[in-house]
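I opened a new structure today and kept notes as I went.

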Amino acid sequence: MVTFCYRTLKTLQQLLITITHHSYSSLLTQKSQVIVVGAGPAGITLALLLAKQGIIVKLVEASRTFRRTFRGEGLMPSGLNALEQMGFSSILDRIPHRPLDAWKFLIDGRLLFQVKEPIELGGKPCTLVSQPALLEALVEEAIALPNFELLQGTPVQELVREGERVSGVRVGGDRTLTADLVIGTDGRNSLLRQKANLPLEQQSKTFDILWFKLADSPQFEAENVFYSIVQGQHAFGLFRSSEGNLQVGWALRDKTSDWKQVNWAEQLASASPLWLANHFRTHADTLEHPVFLSIVVGHCPRWSVPGLLLLGDAAHPMSPIRAQGINMALRDVIVAANHLISPLRQGEQASIDRAIAQVQEERSPEILRVQQLQVEEAAQADKLSNSALLRWGVSQFAPLLKYPVRWSWLRRQRQLRQGIAPIQLDNVK
Ligand SMILES: Cc1cc2nc3c(=O)[nH]c(=O)nc-3n(C[C@H](O)[C@H](O)[C@H](O)COP(=O)(O)OP(=O)(O)OC[C@H]3O[C@@H](n4cnc5c(N)ncnc54)[C@H](O)[C@@H]3O)c2cc1C
């Protein structure tokens, strides 16, 4: 009887949300159906998708602004396709973005091989999208919905439980928020993962990243290229960001090196081909002090406990190699929406808990495969960096080697660009 009344109330509530926006303030004081913790790409898209289905969602974000020092911006065709399925791809037209024209791989000053975008005939090119602008635009859509609330500048501090089941979160000042389901999309150092005692199987760390920004170069006007450069023991990636400056990700392998004391304009110039070396030297005054980004890569054997589901980097922190993390997070969101919308509407805890376990079952194989492909990409760069002889051989015989090397690189890219298996958003009204 109690269950029947609860379900009827839920259905009535759903109807009210769909039909009218008038009871806005009173709805927000009610218990949420979902609390999403962390407004990165995973958190915002899922919160917006669920809210569009009439589910009462609170999105809780620690930072006060989406403009933090660093957010990745490479979207692969799989991520672009996920945004399209969610109905958000028109947002891209309103925010800074730019497709890549090509990838170029340089070794000890020589071009080893290049690949034009889009790689697939008639496919989508990898596109650089301003992540802060994307997040802001998504939030703008969400806050127009009466059943969505954003709590920004509000770090979650603790999980709240009712018996064995997670029933909410505690934020500052001992304020408690409760919901039928808590979703942790709080990134690679996830607090929710720690508080739920969900261990992370971490890959051994081989590098961290120093991230630099500097003045734009006209070189990228004609052709928007992502450069991967190996010079001696050093390796870095360089591209023109969607926001119109150059950005460099420098692989920092030796943690004991005193990188703060390095003359970086000169270091980068000495590892670059002539035109780029000139740019680093001429615009040395615009080279910002690097941001140190600690790389965490791994996978949780369990993504959930009753009442709590982890998604995105919280469940499987991704390596930056070949721009996968945002794309994987968006694909997690589609699968989560497929499994969760119906049980959330019914409000039955047992079926919600069954659904959250199915999300991991469906997503884990792709995540593990993609992380394996990222390891293979990294291993090739490591081999080159560690062997002067190999580098010499590869650069001397580049005209001959470029075909097999390019072929082997392309073979890995299909899954890194498209995902392992098709994913379809199927539960949306
Ligand atoms: C150097 C580097 C370059 C990268 N480049 C790319 C790229 O080009 N393309 C790509 O696809 N991926 C890239 N990635 C990976 C990508 O950034 C992540 O995989 C992706 O951001 C994961 O999204 P997410 O929503 O799961 O988590 P995040 O984007 O990390 O978002 C988590 C959010 O949770 C918030 N949060 C954390 N703790 C709390 C708390 N206690 N309470 C409330 N809120 C909290 C954070 O403030 C943050 O907004 C890169 C990663 C690195 C390190």
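Entry 1, terms and ground rules. I call a residue buried if 20 or more other C-beta atoms lie within 10 Å of its own, exposed if 12 or fewer, and partly exposed in between, with C-beta atoms placed from the backbone. Helices (H or I, at least four residues) and strands (E, at least two) are DSSP runs, numbered from the N terminus. This is a predicted model, where local features need pLDDT of at least 70, side-chain atom pairs count only at pLDDT 80 or more, and totals for chains, interfaces and linings use all residues. Residues are numbered from 1 along each chain as its sequence is written.

Entry 2, helix H4. I looked up residues 77-86 and found H4 mostly covered, with nine of its 10 residues buried. Among them are Pro-77, Leu-80, Leu-83 and Met-86. What covers them? I checked contacts (C-beta atoms, placed from the backbone, within 7 Å). The cover over the buried residues of H4 includes helices H3 (41-52), H11 (325-346) and H14 (398-418), plus strands E3 (74-75) and E7 (127-129). Just after H4, I noted that Gly-87 has a positive phi of about 85 degrees.

I counted 14 helices and 20 strands. Of the 429 residues, 42% are buried. The C-alpha trace spans about 80 × 45 × 40 Å along its principal axes. I also looked at contacts with a separation of 6 or more: residues 24 or more positions apart account for 75% of them.

The bounds come from an automatic or database domain assignment. Domain 1 is 2-68 + 133-202 + 299-370, and domain 2 is 96-129 + 208-294 + 387-417. Their centres, taken over C-alpha atoms, are 36 Å apart. Eight residues of domain 1 are in contact with seven of domain 2. On the domain 1 side, helices H6 (131-143) and H12 (349-386) each give two or more residues.

How many residues surround the ligand? I found 35, and the closest are Gly-38, Gly-40, Gly-72, Gly-312 and Gly-325. A residue counts here if its C-beta atom, placed from the backbone, lies within 6 Å of the molecule. H3, strand E2 (57-61) and H11 give two or more residues to this shell. H11 gives the most, with four. Where does the ligand lie relative to the domains? Domain 1 and domain 2 both give residues to the shell, so the ligand lies between them.
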